[in-house]
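Subject: Structure handover

Hi,

Here is the structure I promised to pass on. Please open it next to this email and follow along.

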Amino acid sequence: MHRNQGQEYKGNILVVDDTPDNLRLLSAMLTAQGYEVRKALNGKMGLMACQMVLPDVILLDINMPGVNGYELCQQLKDDERTCEVPVIFISALDDVLDKVKAFDVGGVDYITKPFSVAEVILRIENQINLRLLEIKLQEKNLLLQNALDDLKAAQVKQIQNEKMVALGQLVAGIAHEVNNPISFIYGNLEYVGQYMQELVGVISLYQQEYPHSTPKIEQIVQEIDLNFLMYDLKNLLGAMNRGADRIRHIVLALQKFSRVDEAQMKSVNIHEGIDSTLVMLQHRLKETTYRCPIVVVKEYDDNLPPVTCYASELNQVFLHILNNAIDALESTHWHSESQMCSGSGGEMNTSLSSTSHRKLHRIGEDEHKLCDQHICQWEDDQKIRPLHFTNSPTHDVSSTISAPVIRIRTELADDNTVKISIADNGLGMDESVRSRTFDPFFTTKPVGKGSGLGLAISHQIVVQKHQGQISCNSLLGEGAEFIIEIPVKHPNT
């Protein structure tokens, strides 16, 4: 039955009853009040009608052939699409147990026959109003959730900005304060060496001209072991030069990491940013009571062009990811036999350029040396075998030993995008953890050891500020790999 033209539309009502007279009466009564009414003579027809067009309210009889009212209501509540539709039972059964069962299966109201027209109309209007209020509440909850998400994102951004400013100022200040005295020392070591050489020359000449000195001089020469002192002086000056040079390199790395004077986007060498970040974390790579030294395998693409980016913020991304990799390796139980912990931790460089030789060395020694055979092994000049990495089809890597390793790999993708992979051979993570890796405030670390902001900040920097992508590949027991992809030229430049 259709409602009269010009009447206000109040809602869609589905009436399910096996008595045609009841259907006609309810249909005429509700249509006169401005409702659109659909009718069904049994439970099966009612279920089909409800699935075709979702009603606002369902009037449901209990005693029907085939599927009764209780069973139909249960089926509607089990369906995600129809579970929110209010069901009003309308039946001649007025026993308390019948009413209790009606509410148990999901009914919201119960009308006994014979019924009053005014009562039915008021109860229907009440349920429709409640449903409208519920929908409005859900909409407001959604708006509040979006506002909360925006507030969290703003909070993450604010924390990121404050951390970057504080860290940049601290690092730049330390670098500046260290740079001045070390420059003074480094600049004067050359003159010290020259003066010492002249003094040694004078002493040697004196010994030649006056081979027989006084007993007092002979005694002092023997006490200070003059010959050894003159020989060792060159070694001391060489060590001082190497130490001063190392400090200068550290200061330069700190300046490159902070880039406090380079807040705007500019073209930089990504490898320098990674190397400066590794200098900041050098103390965490060393051997501890619980594990061997962490070895960093660097596979840099020599043909990688300069990248237009916010250098200091991208360095912060490297810092967060490398810190997480080290934390993962810290929580892994490594075999700590003496032969596997021999040597000091450091970095290994391998070149991906077809025109250059693949080489391997440790940082922090006087000369470049090949890696300890317990740590890695070359095969056919193509493969390195310290650990297993996920998602690395171009490198056949197998797990042969238990040693903590971080691998950093860079390459230029075909679509003019720089791809940076940072992988570790720690414990890895299952899908439930991996899927929430970049959620703000999500962390699996103990209280006080992680805020859950590092990777969320990294995601924001890569995706929003650099129009790039960051992803995580990991399987439980097989380590984790973070892949950063950013365009060589930023779209806004």
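Below is what I found in it, from overall numbers down to single residues.

**Ground rules**

This is a predicted model, so local features need pLDDT of at least 70 and side-chain atom pairs count only at pLDDT 80 or more, while totals for chains, interfaces and linings use all residues. Residues are numbered from 1 along each chain as its sequence is written, and side-chain values use heavy atoms, with hydrogens and water left out.

**Overall**

The protein has 12 helices and 15 strands. Both are DSSP runs numbered from the N terminus: helices are H or I with at least four residues, strands are E with at least two. Of the 493 residues, 39% are buried. Buried means under 20% relative accessible area, exposed means over 50%, and partly exposed is in between (1.4 Å probe, protein chains only).

The accessible surface comes to about 27,600 Å². Carbon and sulfur atoms hold 54% of that surface. Areas come from the Shrake-Rupley method with a 1.4 Å probe; for residues, only the protein chains shown count as cover.

Now contacts, meaning heavy atoms within 4.5 Å. Take those between residues at least 6 apart in sequence: 67% of them join residues at least 24 apart.

**Cores and helix 10**

The largest nonpolar core has 42 residues. Such a core is a set of buried Ala, Val, Leu, Ile, Met, Phe, Trp, Tyr and Cys residues joined through side-chain atoms within 4.5 Å. Ile406, Ile408 and Ile484 touch the most other members. Helix 10 supplies the largest share of this core, 10 residues. A second, separate core has 20 residues, including Ile58, Leu60, Met64 and Tyr70.

Helix 10 covers residues 311-330. Its 20 residues reach 28 Å from first C-alpha to last, close to the 28 Å expected. The expected span is 1.5 Å times one less than the number of residues. Helix 10 is largely enclosed by the rest of the structure, because 15 of its 20 residues are buried.

Which residues does isoleucine 484 contact, leaving aside its neighbours within four places in sequence? The list is Val317, Phe318, Ile321, Val418, Lys419, Ile420, Val462, Gln469 and Ile470.

**Helix 1**

Helix 1 has 13 residues and reaches 18 Å from its first C-alpha to its last, close to the expected 18 Å. Its buried residues are Asn22, Leu23, Leu26, Ser27, Met29, Leu30 and Thr31. Threonine 31 has a relative accessible area of 4%, so it counts as buried. Its side chain reaches the backbone oxygen of serine 27 at 2.6 Å. Just after helix 1, glycine 34 takes a positive phi of about 100°.

**Asparagine 12**

Asparagine 12 sits in strand 1 (residues 12-16). Its relative accessibility is 6%, so it is buried. Setting aside neighbours within four places in sequence, asparagine 12 contacts Glu36, Arg38, Val53, Pro55, Asp56 and Val57. Asparagine 12 and aspartate 56 are 44 residues apart along the chain, yet their C-alpha atoms are separated by 5.2 Å.

The side chain of asparagine 12 also makes a polar contact with the side chain of arginine 38, at 3.4 Å. A polar contact is a pair of N or O atoms within 3.5 Å; within protein, one must be able to donate a hydrogen and the other to accept it, and residues adjacent in sequence count only if both atoms are side-chain atoms.

**Cysteines**

How many disulfides are there? The count is zero, with a disulfide taken as a pair of cysteine sulfur atoms within 2.5 Å. Cysteine 73 is buried at 0% relative accessibility. Cysteine 83 is partly exposed at 24%.

**Backbone points to check**

- Lysine 113 and proline 114 are joined by a cis peptide bond, with omega about -5°. Proline 114 is in the loop between strand 5 (109-112) and helix 5 (117-209).
- Aspartate 225 is not a glycine, but has a positive phi of about 55°. It lies in the loop between helix 6 (215-224) and helix 7 (226-258), and is partly exposed at 39% relative accessible area.
- Glutamine 467 is not a glycine either, and has a positive phi of about 55°. It lies in the loop between helix 12 (454-465) and strand 14 (469-474), and is partly exposed at 44%.

Best wishes
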